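Thank you all for coming. I would like to take a few minutes to walk through one model, beginning with the contact between its chains and then turning to some individual features.

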Amino acid sequence: MRHLLSTEDLGRGDAVRILDTAEEMSAVGDREVKKLPALRGRTVVNLFFEDSTRTRISFEAAAKRLSADVINFAAKGSSVSKGESLKDTAQTLEAMSADAVVIRHWASGAPQRLANSGWIDAAVVNAGDGTHEHPTQALLDAFTMRRHWSRLNRNASTGADLTGLRVAIAGDVLHSRVARSNVWLLRTLGASVTLVAPPTLLPVGVEHWPCEVSYDLDSTLAKGVDAMMMLRVQAERMNASFFPSAREYARRWGFDDRRLASLDSLGLKDTIIMHPGPMNRGLEISSAAADSPRSTVLAQVRNGVSVRMAALYLLLSGDTREERNELTKVSSS
Amino acid sequence: MSSANPAGQTPNADRYLLRGAAVLGGERTDLLIGDGVILETGTGLSDARAAVLDADGLVVLPGMVDVHTHLREPGREDAETVETGTRAAALGGYTAVHAMANSSPVADTAGVVEQVYSLGRAAGWVDVRPVGAVTVGLAGEQLAELGAMADSRARVRMFSDDGMCVHDPVLMRRALEYVKAFDGVIAQHAQEPRLTAGAQMNEGKVSAVLGLTGWPAVAEEAIIARDVLLAQHVDSRLHVCHVSTAGSVDIIRWAKARGIKVTAEVTPHHLWLTEDLVRSYDPVYKVNPPLRSDEDVTALREAVADGTIDVIGTDHAPHPSEAKECEWAQAAMGMTGLETALSVVQHTLVETGMISWADFARITSATPARIGQLQDQGRLVAAGEPANLVLVDPAARWTVDPAAMATKGRNSPFAGRELPGAVKATFFRGHATVLDGALNTPYDFAGEL
């Protein structure tokens, strides 16, 4: 694996390897000294064109637990103000010999552009790009689901996939990079996925995705769900007529107290409730649901560090920059 | 093929004898060119003063006329100038181009269109026919002085807010009506603005995966449907720029069947490339209207073959490299096209057997000249006609290298592809602007200014 750009092109072998490595990494978090020397002397740059404190500190913690040097680079340049170009920023980081660049960008495809442009030699990790993908989020979600699923099936997590798991993902699929990354990864790992959303918040073309689509959360729950993932919905979407009001959205597609109670009456005693955060309590998820024993919200945050450690470790622990350059020379000569 | 100019001739006194050229790909003949016209055709011609060109195996066609070119001057001379853009045109086999109005300042006054016209004459590579803006500053609010542009030295007949759609239905109606006074035509960039806010690529299965804001086909089709009905209502001429969807083709076919005066153009890139290329996120594939699906490409090719689409327009849109070396969403829309159009049309339509070289002449020369009302362009290849001609080697194969092009734009979506067909010579008013596949010298308008 040279970069981690998307889950769409992540094979089952690599996916399971990341999850298995994350299991090993999670043990580090339980130790008194939460640090491994694996990436000592390596430089990881967190290049954020879009604010995301949660994701940045998760990557920062992951890199630091592997003893890498971490540089946080909050780049200017929004869709409105151009600022420094991606090319110039990339070449600056290349001149500083960055080994890995963790990039968060408001523009879909920016990480792929960075990886394929020839502007920089570093490994590129997509930390969320526009409405395209957020692969480490999907990996940490899968990690969380795999632990739950293995416990239920009394299997070891390591080496396992998610065959047979029923996942429902509800919310603003149209604008969600989390939904996209989850759909591809969960398919690769053998889970079955149902997307639940108002028709306005599903992309044209969703019918080609490897999943079911429903407009009705209650009937989806009634069919049986093992993991219920709620996506963040921006209340401002109502201004663009994606839905009439926040209250109507919450009633029809929010995971409220009534639906929380319905899990028991439906006999879904082991169903977990997931959310990538940050949550809009009272909109897509009620406080009772978010704080219930079924909620995995904090476990997801914890697992995020392990999964990101695994990704950085697998991308960087192999060859050093110099060795990669040597290999390039050999292969191109 | 000899390229020598006989000594002592002024450029405009050129005489050329083309030996054995296949006229429109058919009958082979010699052509004697002199005094700016085709003097004689037939076999076994000879002329002591003429430079002889062996045209064995070559096809002679009327010089191509582009209805849709962005020359960027005035204002964006970093992207293209009239000089560089018309050099590219000559190399591509063109003898006339219509320069779109979205310059800076906008070509919305007689002064600006006359400036562009004069720059074209000074360059001397092709006829430059400025397109006038429909509305002041392309803002879609108030009609520009269309009559003044029509009456100017540039004699503007085609008006377009290209890049922007004249979306206000009342304004579009008035524009269609008003230009009847001087037999003008409104060339519409059909794009419903509210349905395409922030649009980045065709809306469909690829945009869903890539998370790029969709440019739905309906945003083009809804405007075309409205406009053909308006054109019918006020009995005016409408030209539809760069048609890109199968649905648009259906609407135009319907309109033509009802006798509505509508013509339509398609770009070479929409005849070949599809949205799947966007998966690379390489902005060289970012264009407006966007690359569509395989089904759309098929429908567009069939529409050219059956006459629903009348002409090829390149929508040649050069950009400086920094406008493309960036994130997809930041990148400018547009592709170069003048130097690849002939080859791409040969590849997609001639070599697929869908059209003949005679059809090629109709869609790249005769009909575009008629739409733009260029009297000396798009004529027959026959004695007495103006010598605006292109000599093509259809058997040639070449690999596209944007760095080697005459245009300043390096944004060719065909970079690295092998294409058929090469322009061996272009004759503009009887003068060879291109010889041996390379630029020769421009036509000298000095005596006519």
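This is a predicted model: local features need pLDDT of at least 70, side-chain atom pairs count only at pLDDT 80 or more; totals for chains, interfaces and linings use all residues.

Let me begin with the interface, where 24 residues from chain A meet 20 residues from chain B. The size of an interface is often given as the accessible area lost when the parts come together. For chain A and chain B the buried area is about 1800 Å², and carbon and sulfur atoms account for 52% of that. Nine residue pairs are in polar contact across the interface, counting pairs with both residues at pLDDT 80 or more. On the chain A side, the helices α3 (86–95), α4 (110–116) and α6 (177–188) each supply at least two of the residues that touch chain B, and α4(A) gives the most, with three residues. Sorted by class, that side of chain A consists of ten nonpolar, nine polar and five charged residues.

How many salt bridges are there between chain A and chain B? The count is two, and one that I can show you joins E8(A) to R279(B), with the closest N and O atoms 3.9 Å apart. Over all chains, the count comes to 37 salt bridges. In the pair that crosses between chains, E8(A) lies in the segment before α1 (12–29) of chain A, while R279(B) lies in the loop between β14 (262–266) and α8 (294–305) of chain B. Both ends are partly exposed, E8(A) with a relative accessible area of 34% and R279(B) with one of 33%.

In one of them, K64(A) and E60(A) form a salt bridge with an N to O distance of 2.8 Å. These two residues are separated by about one helical turn, because they sit four residues apart in helix α2 (residues 53–65) of chain A. An α-helix has 3.6 residues a turn, so residues three or four places apart point the same way.

Finally, let me turn to helix α8(B), which has twelve residues and reaches 17 Å from its first C-alpha to its last, close to the 16 Å expected at 1.5 Å a residue. The buried residues in α8(B) include D296(B), V297(B), A299(B), L300(B), R301(B), A303(B) and V304(B). Against what do the buried residues of α8(B) pack? They pack against α7 (246–257), β14, α9 (341–350) and α10 (357–372) of chain B. Just after α8(B), G307(B) takes a positive phi of about 90°.

How values were computed: Residues are numbered from 1 along each chain as its sequence is written. Chains are lettered from A and ligands numbered from 1 in the order in which they are written. Side-chain values use heavy atoms; hydrogens and water are left out. Contact means heavy atoms within 4.5 Å. Buried area is the accessible area (1.4 Å probe) that two parts lose on being put together, summed over both. A salt bridge is a side-chain nitrogen of Lys or Arg within 4 Å of a carboxyl oxygen of Asp or Glu. A polar contact is a pair of N or O atoms within 3.5 Å; within protein, one must be able to donate a hydrogen and the other to accept it, and residues adjacent in sequence count only if both atoms are side-chain atoms. Ala, Val, Leu, Ile, Met, Phe, Trp, Tyr, Cys and Pro count as nonpolar, Asp, Glu, Lys and Arg as charged, and the others, Gly among them, as polar. Buried means under 20% relative accessible area, exposed over 50%, partly exposed in between (1.4 Å probe, protein chains only). The expected span of a helix is 1.5 Å times one less than its number of residues.
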